[in-house]
Amino acid sequence: MKAKIADRIATVVFYIIALLLVLLLAGLLGYILLKGLSHISWHFITSPPESFQAGGGIGPQLFNSLYLLVLTMLISVPLSLGAGIYMAEYAKKNIWTNILRTVIEVLSSLPSIVVGLFGFLFFVISMGWGFSILSGALALTLFNLPLMVRVVEDSIRGVPSSQREAGLALGVSKWETIKHVLLPAALPGIITGIILASGRVFGEAAALIYTAGMSSPNLDFTNWNPFSPTSPLNPLRPAETLAVHIWKVNGEAVIPDVNAVSSGASAVLVLFILVFNVSARWIGKRIYRRMTSS
Amino acid sequence: MATTTLMKENKASSNVRSGVMTMTVPDSSSENQLKSENVVLKTNSLRVFYGNHLAIKNVSASFMENRVTALIGPSGCGKSTYLRSLNRMNDEIPGCRIEGEILYRGIDLNHPQANVFDIRKRIGMVFQRPNPFAKSIFENVAFGPKHHGVKNKQLLEEIVEKSLRKAALWDEVKDRLHRSALALSGGQQQRLCIARALAMEPDVLLLDEPASALDPVSTGKVEELIEELKKDYTVIIVTHNMQQAARISDYTAFFYMGELVEFGETTELFTNPKKKQTEDYITGNFG
Amino acid sequence: MSDRVVEWTKMKSARAKSKIWIERRGRMVTLLCVAFMVFVAASILYFVTSKGLSTFVINKASITDFLFGKEWDPGKLDKEGKPVVGALPMIEGSFAVTLFSALICAPFAIGGAVFMTEISPKFGKRILQPVIELLVGIPSVVYGFTGLSLVVPFLRDHFSGSGFGIAAATIVLTVMILPTMMSLSVDAILAVPASLREASLALGATRWQTIYKVVLRTARPGILTAMIFGMARAFGEALAVQMVIGNSAVIPKSLMEPASTLTSILTMGMGNTVMGQVENNALWTLALILLLMSLIFIMIVRILGRRRTFE
């Protein structure tokens, strides 16, 4: 009898916990979006921030976030493809592979502030690139690599081994089998992983404060020459991102509308991440469906 | 004139591990054709180790050209392992070691300098579960030739059509060559896998229980196909279905616990088995 | 048959040789990518360690003072001429927020995980799974800002003090590590074989008894791992904590007083110090402690994982 009562109470408790969790997310998202959406306007998204006055926007910061995202992915995706393929297909079960896995695990568990500080030490100071897009992109790559490698490795491992056999039995080399059979089959998982990782990279700030910097020069959006100092594409310029901007304005608390700016910027950030999350699932499913039917 | 030249380690070349085989095959009109039964593939005292475990124990067998040889035996007797050694697919299993000779038209495939890619071009394989690539039907069949240098689109189309016809699948798929192979039924997928192997124009076809995952109708189609295929290819088929072996094969090899117990013409083996184990298996005294 | 083979043969043999090359090259390229990652990890370890140790080697600070001293003023020299680098407030702060948030979060994380796996898998998969994924995706600055604009005023209004402090940081961190802990707990619980559940139910146990006595007990190593991962995440979190903890390098007398963690002081200080000087070196030592702690967390997880195979 007691057991039955306990069972019922427990069930109620679990339902309450689940409800609380859903409310937590709903509340959090609701708060961020409701508070922030009212501050988002075309002006907000395109104009540069103000140093002392109200009315500043997040235009350059948004561009910087996107630019850094693209650069980071351009560098980390090929690297992680290579490393992930190696881990999934070529690494043998010996002590070296164990050491390798430990190294990747260490890399992935480093706090992002430590990665940022290493970037500061190495890219900004030792290499002399200063606060720049280059330093930031490389720091973000370090931050992103372990996750991407795991995504690639898991996706490739998920392809049934019968596919490998089929390729090899046709006299095709293992590498060609990987490139033309396994990778295409693993594509949905890899692309989903890339998009989800993009969300993480887009929102990352700690690794960028001391690598991409906390300022953004006046950008001339008509100048697309990457070598010119006012061009948005110039990789050696400092590039405060959206996430870093939120942190900075709250830390300095100089501008009078710090709350408005932060809310608006947070809402924009979260919206992008929502888009990343949703599209990751959707695109992954669509690619999978295209591959297995039609 | 049967000239088989095996270019192995050429001291002049620095390709250490490029045991490339180039061969010309004896014409059927040549006077070297003494027997009507030509041995295409032969193993001498083949031993296969998984780590320290000896899975295939000194198996010596000969496979005749343009004949179907069935490998039968209870589960776990090693017939699939043996089959996979013939095209060096066991190389892919870590810890697997093969000793002994595998002679393909006189050339030892188990030689350290044998080019395993070359081997698999001449000895094709179809697996138990259909494993088409997640690509279109056309891409599946064209995969082998494409990755062996055939770039001409028209040639590829010819090869695809020829192979699909030989696999008795052309009529069913000719209007949807560019649809995904995964949309086909199980039986069709398996015939697609056969077409894919045939596109490589192999000499020998290894079939590892090709019909065991299929329904009876598809099985029948595959069996008919094998009857046709033996005109052009040498077929070695592993099957756990004795009736199937009796129906379609010319020769049968009975495996038990990693050993080749008996080998002979199918009708002989099934009506007059020489060993007691064979008789027990055939009459169903053990599984 | 023969002419066909001869035709193909000529084309194939050249290709066969090149296949060996293709194979070798592909293997080499992927190995290089992997080697690069190893190189990168090694450089990070080297750089941070050498910079972090320079406080002791170059500036002659003492390690015991660093770990146990309560006063943090690296520019000052004490009576023995050593820099005043007592990091105990930060170390305590980091451990405090980590432990508190893990303790508060655990029941919710495990409870949510149990709900997702045992009580209502359908609802769990369709609703709670996306909830976890969305919570994980929210950037830490947004958590920090929400903490700043929601939690801190709330604490200020309902309790004494400014609202900044360990309490605020704990609340923010609890929400931040919840998704991680929950999804790893889900994995741990899912790994319990169904046969164990069935056996328990067949013996007449209720669902709660099965969960409590069989499932959770079997999944314990995995759940502990989940908690350690959550703690590692909390320990290494910089910005969200820094925004709400007050950043005062002293040991607070209550949870509502400004405090600091390793990460918060590090984040604040790095921009205000000059490379090469002792203030800067001291910060690198803080970074070194963070690095070592993440290695320790990995080791703990490894040890727990090994135990799992015996249970």
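Trainee: Leaving aside neighbours within four places in sequence, which residues is Ala55(B) in contact with?
Mentor: Val48(B), Phe49(B), Tyr50(B), Gly78(B), Thr81(B) and Gly258(B). Contact means that the C-beta atoms, placed from the backbone, lie within 7 Å. Remember that this is a predicted model, where local features need pLDDT of at least 70, side-chain atom pairs count only at pLDDT 80 or more, and totals for chains, interfaces and linings use all residues. Residues are numbered from 1 along each chain as its sequence is written, while chains are lettered from A and ligands numbered from 1 in the order in which they are written.
Trainee: Why does Ala55(B) count as partly exposed?
Mentor: Because it has 19 C-beta neighbours inside 10 Å. Buried takes 20 or more other C-beta atoms within 10 Å, exposed 12 or fewer, and partly exposed is in between, with C-beta atoms placed from the backbone.
Trainee: New topic. How many helices and strands are in chain C?
Mentor: 12 helices and 2 strands.
Trainee: What share of chain C is buried?
Mentor: 49% of its 311 residues.
Trainee: What box do its C-alpha atoms fill?
Mentor: Roughly 95 × 60 × 40 Å, along the principal axes.

Notes. Helix = DSSP H or I, 4+ residues; strand = E, 2+ residues; numbered from the N terminus. Contact = placed C-beta atoms within 7 Å.
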